[in-house]
Amino acid sequence: MSQLIGSRLSFAGVQVKCTPCDRSANLAAAARLIQKKPGYDFYLLPELSCPGYDTEAFTQREELAEDAEHGPSRLFFAPLARKMKAFIAYGIMRRCTGGAITIAHVVLDDAGSVVAVYDKMHLCNLGVCSEGGQGM
């Protein structure tokens, strides 16, 4: 990271079409898109890109929730971050201490280590959205 100080960073927003509740398919789709566009310093995936943002995913949140540090999404993206020599940020349902589940974004550095986790502060309650009334 020290070599980036004073340099320009390049970001790629990766819009992946997710399949609700199919983490493996979503991870594979994201990896394909990232690998098609090498050379960026940072790849940013959407909110809940791993489980898919869908009402069905919210009803299966107990099964889909994972630990940010040791969960299946981190284990999948860490080698990809190393291979691409880039940071990768992706969205999960995160199981927190005490059992609470949050919508979270995890950032891996180019060594595959978790360097940041952001837990969404509040759920959507406007109009039609999958988060509303789910009691996360």
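## Buried, exposed or in between

A residue is called buried when its relative accessible area is under 20%, exposed when the value is over 50%, and partly exposed in between. Tyr53 sits at 34% relative accessibility, so it counts as partly exposed. Please keep in mind, as you look around, that this is a predicted model.

## The sheet

Let's start with the strands. Five of them make an open sheet in the order β1-β2-β3-β4-β5, and the pairing is mixed. β1 (11–13) and β5 are the edge strands, each pairing on one side only. On average, neighbouring strands of this sheet are turned by 25° against each other, with direction ignored.

At one side of the sheet, β4 and β5 pair in the antiparallel sense over five bridges. Together β4 and β5 form a hairpin with five residues between them. In the turn of this hairpin, Gly112 has a positive phi of about 85°.

Ala111 belongs to this connection too, in the loop between β4 (101–108) and β5 (114–119). Its relative accessibility is 40%, so Ala111 counts as partly exposed. The C-alpha atoms of Ala111 and Phe87 are separated by 8.3 Å, with the two residues 24 apart along the chain.

## Helices against the strands

Which strands does α4 lie across? They are β2, β3, β4 and β5, and α4 runs at about 175° to β3.

α1 is built from 14 residues and reaches 20 Å from its first C-alpha to its last, close to the 20 Å expected at 1.5 Å a residue. The buried residues in α1 are Arg23, Asn26, Leu27, Ala29, Ala30, Ala31 and Ile34. Among the elements that cover them are β2, α3 (61–64), α4 and β3.

In soluble globular proteins, nonpolar side chains tend to be buried together. Here, the largest nonpolar core has 24 residues, and the members that touch the most others are Ile34, Tyr43, Leu45, Phe77, Ile88 and Tyr90. At least two residues of this core come from each of α1 (23–36), α4, β3 and β4. There is also a second, separate core of nine residues, including Leu48, Phe58, Leu64 and Met93.

Leaving aside neighbours within four places in sequence, Tyr90 is in contact with Leu45, Ser49, Cys50, Ala68, Ser73, Arg74, Phe77, Ala104, His105, Val106 and Leu108. Of these partners, Leu45 and Phe77 are themselves among the core residues that touch the most other members.

## Aromatic pairs

How many aromatic pairs does the structure hold? There are six aromatic pairs. One of them joins Tyr40 and Tyr43 in an edge-to-face arrangement, at 5.8 Å centre to centre and 75° between the planes.

Tyr53 is the partly exposed residue from the opening paragraph, while Phe58 counts as buried because its relative accessibility is 0%. Elsewhere, Phe11, Phe42 and Phe87 form one aromatic cluster.

## Two loop residues with positive phi

Most residues other than glycine have a negative phi. Leu48 and Lys85 are worth a look with that in mind. Leu48 has a positive phi near 55° and lies in the loop between β2 (42–44) and α2 (55–59). Lys85, likewise not a glycine, has a positive phi of about 55° and is found in the loop between α4 (72–84) and β3 (87–95).

Methods: Residues are numbered from 1 along each chain as its sequence is written. This is a predicted model: local features need pLDDT of at least 70, side-chain atom pairs count only at pLDDT 80 or more; totals for chains, interfaces and linings use all residues. Side-chain values use heavy atoms; hydrogens and water are left out. Helices (H or I, at least four residues) and strands (E, at least two) are DSSP runs, numbered from the N terminus. Buried means under 20% relative accessible area, exposed over 50%, partly exposed in between (1.4 Å probe, protein chains only). Rings of Phe, Tyr and Trp (its six-membered ring) pair if their centres lie within 6.5 Å; planes under 30 degrees apart count as stacked, over 60 as edge-to-face and the rest as tilted. Two strands pair if DSSP finds at least two bridges between them. A nonpolar core is a set of buried Ala, Val, Leu, Ile, Met, Phe, Trp, Tyr and Cys residues joined through side-chain atoms within 4.5 Å. Contact means heavy atoms within 4.5 Å. Axes are lines fitted to C-alpha atoms, for helices over the stretch in contact, and angles run from 0 to 180 degrees between N-to-C directions. The expected span of a helix is 1.5 Å times one less than its number of residues.
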